[in-house]
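Please walk through this model with the text beside the coordinates.

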Amino acid sequence: MTTRSVAGNARDRLLNAAAQLLDEAKGKPVSTRAVCDLAGVQAPTLYHHFGSKQGLFDAVVEYGFGQYIRGTNPRGGDPVDDLRHGWDDHVRYGLDNPSFYVLLYGRIAPGEPCAVTSVAEAKLLELLIEIARQGRLRVTPAVAAGQFVAANVGMTLHLIAQPEGRADLAVSRELRDNVIAGLIRPAPAVTSEASREVVENAQALADALDADAGRSGLSAGELLLMREWLDKLVAAT
């Protein structure tokens, strides 16, 4: 069935036509004429509904990414596990929809956050805030979100660029685990009240060092060593 035969108004037919052609193009340019021909409309109709060809493509990408967002709700368990699943869902969406994904993350404008991806990034921030409440986040939630997104998007674009059938998801999982390990401390295995107190005190000291390292009187090397000791103490107690 061609897009022209799909029931719906002109706007819906244009969205369907653009989505079909973008998918078939595999990253190559798609012309306004091709979209209009497949949708069975004239160019003025496209401009009436979307303003421009880019406006149409933006609407297609926003719809496709919205479908991805609705399918990536937190599973309600460990927020760190939700982070892992979120990473994998993001990569899978990019590999399944490479043309949409490249359009989405390739149209970067300095100082202008993307409204389409902001919903997914807000969900990510919520997970990181919950991990911070547990005392496990090594940096602020905002910093962690920026680093996580940068690594996740970079890996997805890298895999999309590989020859067909050569995308190695094991590389993605390895980077995912390295990023999470760098941002999040292991969950402490607290077995007694005394152990819990040690963990809380160590965590409080670590947080104090993060908040005001300049007044600690320690050198950069000493701070790094102290932080390593505290992390080991929290992990081992």
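Predicted model: local features only at pLDDT ≥ 70, side-chain atom pairs only at ≥ 80, totals over all residues.

Residues are numbered from 1 along each chain as its sequence is written, and side-chain values use heavy atoms, with hydrogens and water left out.

Start with the largest nonpolar core. It has 27 residues. A nonpolar core here is a set of buried Ala, Val, Leu, Ile, Met, Phe, Trp, Tyr and Cys residues joined through side-chain atoms within 4.5 Å. Buried means under 20% relative accessible area, exposed over 50%, and partly exposed in between (1.4 Å probe, protein chains only). Leu14, Val30, Val35, Leu56, Phe57 and Val60 have the most contacts inside this core. Helices H1 (10–25), H2 (32–39), H3 (43–50), H4 (53–70) and H6 (98–106) each give two or more residues to it. Helices are DSSP runs (H or I, at least four residues), numbered from the N terminus. H1 gives the most, with 8 residues.

Look at Phe57. Leaving out residues up to four places away in sequence, Phe57 touches Ala18, Leu22, Val30, Val35 and Leu103. Contact means heavy atoms within 4.5 Å. A second, separate core has 19 residues, including Val80, Leu128, Ala144 and Ala151. In soluble globular proteins, nonpolar side chains tend to be buried together.

Now the helix pair. H8 (residues 141–160) and H9 (residues 169–183) pack at about 170°, with axes 11 Å apart. Axes are lines fitted to C-alpha atoms over the stretch in contact, and angles run from 0 to 180 degrees between N-to-C directions. H8 is therefore roughly antiparallel to H9 (an angle over 145 degrees). From H8, the contact residues include Ala144, Phe148 and Met155. They meet a set in H9 that includes Leu175, Val179 and Leu183. The contact divides into 11 nonpolar, 2 polar and no charged residues.

Which residue is buried at 3% relative accessibility? Arg185 is. Arg185 lies in the loop between H9 and helix H10 (193–211). Its side chain reaches the backbone oxygen of Leu137 at 3.2 Å. The backbone oxygen of Gly135 also lies 3.2 Å from a polar atom of the Arg185 side chain. A polar contact is a pair of N or O atoms within 3.5 Å, one able to donate a hydrogen and the other to accept it.

Glu126, in helix H7 (residues 118–133), is exposed, at 55% relative accessible area.

Notes:
Parallel < 35°, antiparallel > 145°, perpendicular 65-115°, else oblique. Nonpolar A, V, L, I, M, F, W, Y, C, P; charged D, E, K, R; others polar.
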